Amino acid sequence: MNEILLGVDPREQSVPALVWAADEAVRRGLALRLVVAVPPAHDGIRYDALAHESALRIRAESAIANAEDLVRELHDGLRIATERVNGVPATVLRDMAQHAALVVVGSRRLGRATEMFGESSVVVPLTARADCPVVVVRAPEHTAVHPPTLVVGVDGSESSRAAVAFAVEEASLREARLRAVWVWPRSVLAHDDGEEGLAERRRLLAESVAGWAERYPDVAVSEEVLRGHPVEQLALASQESLSLVVGRRGRGGYSGMRLGSTVHGLLHRAPCPVTIVPVPLREGRTSDPDLAWTDRSRSGTADRAVPPAPLRTGTRPHPRGTVGRADAPGPSEGSAERRAS
């Protein structure tokens with residue numbers, strides 16, 4: 001896992017997401033892969049469909065070339081790969097996430113229904129199924145606030161343990177402190193709303209973050225139990241934070257859910273970048289979620305010998321832009337696009 005994957009939106013490129021991804025690649029000593037996906041055309045007339053798809057390709061190549069230019073202005077020595085892939089954006093990024101340390105995407109602030117079921121939906125289906133942490137950047141980080149702080153939501157679930165593991169490493173990389181927050185909803189049962197209930201939540205929170213001070217002595221970790229709705233309280237807690245880290249699915253909901261309701265709410269409410277962390281897969285990786293993401297994202301720990309497209313530094317070769325992947329449906333072998341590769 002030797003790269004960070006950035007999804008480039010040809011319709012509305014998110015500059016905050018691009019800046020976040022480039023800075024994170026430098027912090028972690030990883031390469032940055034810029035990917036733009038061209039969805040299939042659905043026009044009824046084949047001529048119109050081909051014309052529409054051609055227009056999408058042109059727009060995609062322009063968007064990814066502009067994104068690469070901006071990244072090189074920010075970090076000239078960063079290893080960059082660019083790639084245009086034919087396919088549904090959410091599916092393309094999900095498949096490529098298997099070989100990435102992180103996936104970063106922007107948010108076009110779509111409504112809940114559109115983001116869930118619309119043809120252009122990317123954020124929800126990607127965060128629900130990606131094998132690695134996904135960072136959704138709706139707004140820039142709060143870098144002017146000192147000391148710099150990250151917030152991690154904790155509820156005692158296995159998913160939140162993985163979130164804590166990621167958050168502690170991220171805080172160490174950024175020389176930031178970490179606020180571990182357990183939100184305790186108000187109960188309709190009076191006996192569960194007293195000092196004993198509060199003491200129990202504090203104990204569970206302490207267990208969730210136990211041991212991290214020894215592993216990362218440079219990170220100051222504070223523990224807080226807040227009362228109220230999880231989405232509202234975590235959004236308030238992260239108002240002046242670099243980012244908010246949460247597990248993909250907590251203790252609520254039913255077992256078939258891939259994305260918890262708290263995550264859904266935070267994707268629309270959080271005032272900073274949100275990192276959604278899944279429970280790591282067991283095959284070929286550590287069985288301890290407390291260690292899994294530190295194993296995935298360190299420089300030099302790639303578990304595949306060859307990236308899907310060559311990385312490069314320095315001057316970009318011409319022609320500008322990218323070409324389709326060899327394994328994706330696209331132009332014929334004799335087309336100019338193929339010859340450029």
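**View 1. Glu-224 and its neighbours.** Leaving aside residues up to four places away in sequence, Glu-224 touches Arg-179, Ala-180, Val-181, Trp-182 and Leu-205 (a contact means heavy atoms within 4.5 Å). This is a predicted model, with residues numbered from 1 along each chain as its sequence is written. Local features need pLDDT of at least 70 and side-chain atom pairs count only at pLDDT 80 or more, while totals for chains, interfaces and linings use all residues; side-chain values use heavy atoms, with hydrogens and water left out. Glu-224 sits in strand E8; helices (H or I, at least four residues) and strands (E, at least two) are DSSP runs numbered from the N terminus. Buried or exposed, or in between? At 23% relative accessibility, Glu-224 counts as partly exposed, where buried is under 20% relative accessible area, exposed over 50%, and partly exposed in between (1.4 Å probe, protein chains only). Val-181 is 43 residues from Glu-224 in sequence, yet the two C-alpha atoms are 4.9 Å apart. The Glu-224 side chain also makes a polar contact with the side chain of Arg-179, at 2.6 Å (a pair of N or O atoms within 3.5 Å; within protein, one must be able to donate a hydrogen and the other to accept it, and residues adjacent in sequence count only if both atoms are side-chain atoms).

**View 2. Helix H7 and what packs on it.** H7 runs over residues 195–209, and its 15 residues reach 21 Å from first C-alpha to last, close to the 21 Å expected at 1.5 Å a residue (the expected span is 1.5 Å times one less than the number of residues). Its buried residues are Gly-197, Leu-198, Arg-201, Leu-205, Ser-208 and Val-209. They cover an arc of only 100 degrees around the axis, so they end up on the same side of H7; the arc is that of the directions from the helix axis to the C-beta atoms. What covers these buried residues? The cover includes H6, strand E7 (177–184), helix H8 (212–215) and strand E8 (221–227). On the face turned away from the buried side, H7 carries the exposed residues Glu-195 and Glu-196. After H7 comes Gly-211, with a positive phi near 95 degrees.

**View 3. Arg-174 and its two salt bridges to Glu-24 and Glu-141****.** A salt bridge here is a side-chain nitrogen of Lys or Arg within 4 Å of a carboxyl oxygen of Asp or Glu. Arg-174 pairs with Glu-24, the closest N and O atoms being 3.5 Å apart. Arg-174 is in helix H6 (residues 158–174) and Glu-24 in helix H1 (residues 15–28), so this pair ties together parts that are 150 residues apart in sequence. Both partners are buried: Arg-174 has a relative accessible area of 11%, and Glu-24 has 0%. Glu-141 forms a salt bridge with Arg-174 too, at 2.7 Å between the closest N and O atoms. Glu-141 lies in the loop between strand E5 (134–137) and strand E6 (149–153), 33 residues from Arg-174.

View 4. The side chains of Arg-28 and Glu-170 meet in a salt bridge, 2.6 Å from N to O. Here helix H1 supplies Arg-28 and helix H6 supplies Glu-170, 142 residues apart. Arg-28 is buried at 5% relative accessible area, and Glu-170 is buried at 1%. Which residues make up the salt-bridge network? It links Glu-24, Arg-27, Arg-28, Glu-141, Glu-169, Glu-170 and Arg-174. The whole structure has 16 salt bridges.
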